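Hi,

Here is the structure we talked about passing over.

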Amino acid sequence: MNDSHPTCYRHPDTPTRLRCSECGRYICGECSIDAPVGQRCPECARERGTTRVVNRNQIMGRPSFQTAPVTMTVIAISVAAYVLGAVSPEMGNTLLNNFAAATWLIRDGEIYRIVTAMFLHAGLFHVGVNMYSLYILGPTLERSVKSLPFAGLYFGSGIVGGVAAVVLSSGPSVAVGASGAIFGVFGAWFLHGYRTRHTAFGDAMFRQMLVLLVINAVISIGVPRISWQAHLGGFLGGMFITWVWQLIPRESNTVAARTAVGAILSVAGLVAAWLL
């Protein structure tokens, strides 16, 4: 095979730049099988017991509560909370007073605010950008790693971002928004792109994520009232969880094991907030 014009090892007449993330063999779209991190050839997938039958809607269709329940539930609750606050300003103030991430109240023990603040947003643009980003980045990752591990990644990253905002803030502040958690999803995709950058898909993803990272870093630092601390904490949290997933031995890399990683980080973050 001429490596300048690689073809699928199972379909020699099909050109491809996609490689198995396990063995490195070239595979076409027909042979590629989604894995918790990356894609695998049929042989590697069979060894790990990850082969499954999916229909076209699960792969190509729009995200739904059936294919991405965690992502769509977070979006639904966040949009509902915003609409409720927009329709009733009194209710909006009640939500902010009781559930926003006020740093001095978190230090006084109301650590639940780190979680509840992820569902609140300050304005239509804020909720629109965050939920659109989650809609674009979340469903594919959730389908790949499964819903419970994705929930662990999402909330674990958001909690780390919330703790970072409390620790690194120079004074009393109030924060709302899912940005820390979404940056965790962003961090997961960034690390995945870096790890698979030897493939055409991975290289393109890594470059896109790098550009988005630079843009968001500039916005986070340069625009007032945006918590760069939460963004940074969430991004690092998402990368850390994904990195640990990749370290789990092949035979132990189950849904339960991946879920435990995010759960442990979430609990550790809340305990750290409690001790502040």
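**Notes on the model**

Leaving out neighbours up to four places away in sequence, Phe155 is in contact with Val74, Met118, Phe119 and Ser266 (contact means heavy atoms within 4.5 Å). Phe155 is part of helix H8, and with a relative accessible area of 22% it is partly exposed. The cut-offs there are under 20% relative accessible area for buried, over 50% for exposed and partly exposed in between, using a 1.4 Å probe and protein chains only.

Before the rest, some housekeeping. This is a predicted model, so local features need pLDDT of at least 70 and side-chain atom pairs count only at pLDDT 80 or more, while totals for chains, interfaces and linings use all residues. Residues are numbered from 1 along each chain as its sequence is written, and side-chain values use heavy atoms, with hydrogens and water left out.

**Overall numbers**

The protein has 12 helices and four strands; these are DSSP runs numbered from the N terminus, with helices being H or I of at least four residues and strands E of at least two. Of the 276 residues, 46% are buried. If you take contacts with a separation of 6 or more, 61% of them are between residues 24 or more positions apart. The accessible surface is about 14,200 Å², and carbon and sulfur atoms hold 64% of it (Shrake-Rupley method, 1.4 Å probe; for residues, only the protein chains shown count as cover).

**H11 against H12**

Two packed helices are described by the angle between their axes and the distance between the axes. For helix H11 (residues 228-247) and helix H12 (residues 255-275), the axes come within 10 Å and cross at roughly 145°. Axes here are lines fitted to C-alpha atoms, for helices over the stretch in contact, and angles run from 0 to 180 degrees between N-to-C directions. On the H11 side the contact is made by Gly237, Phe240, Ile241, Val244 and Trp245, and on the H12 side by Arg258, Val261, Gly262 and Leu265. By class that gives six nonpolar, two polar and one charged residues. Nonpolar covers Ala, Val, Leu, Ile, Met, Phe, Trp, Tyr, Cys and Pro; charged covers Asp, Glu, Lys and Arg; the others, Gly among them, are polar.

Ile248 sits in the loop between H11 and H12 and is buried, at 14% relative accessible area. Apart from residues up to four places away in sequence, Ile248 touches Asn253, Ala257, Arg258 and Val261. Its C-alpha is 8.4 Å from that of Arg258, 10 residues away in sequence.

**Trp189**

Which residues does Trp189 touch, not counting those up to four places away in sequence? They are Leu137, Thr140, Leu141, Met205 and Met209. Trp189 is in helix H9 (residues 179-195) and counts as buried at 12% relative accessibility. Trp189 and Met209 are 20 residues apart in sequence, and 7.4 Å apart C-alpha to C-alpha.

A search of the whole structure gives zero disulfides, a disulfide being a pair of cysteine sulfur atoms within 2.5 Å. The closest cysteine sulfur to that of Cys23 is in Cys20, and at 3.7 Å it is too far for a bond. The sulfur of Cys28 is likewise too far from its closest partner, in Cys31, at 3.7 Å. Cys23 is partly exposed at 38% relative accessibility, whereas Cys28 is buried at 6%.

Most residues other than glycine have a negative phi. Lys146 has a positive one, near 85°. Lys146 lies in the loop between helix H7 (124-145) and helix H8 (147-168), and it counts as partly exposed at 33% relative accessibility.

Cheers
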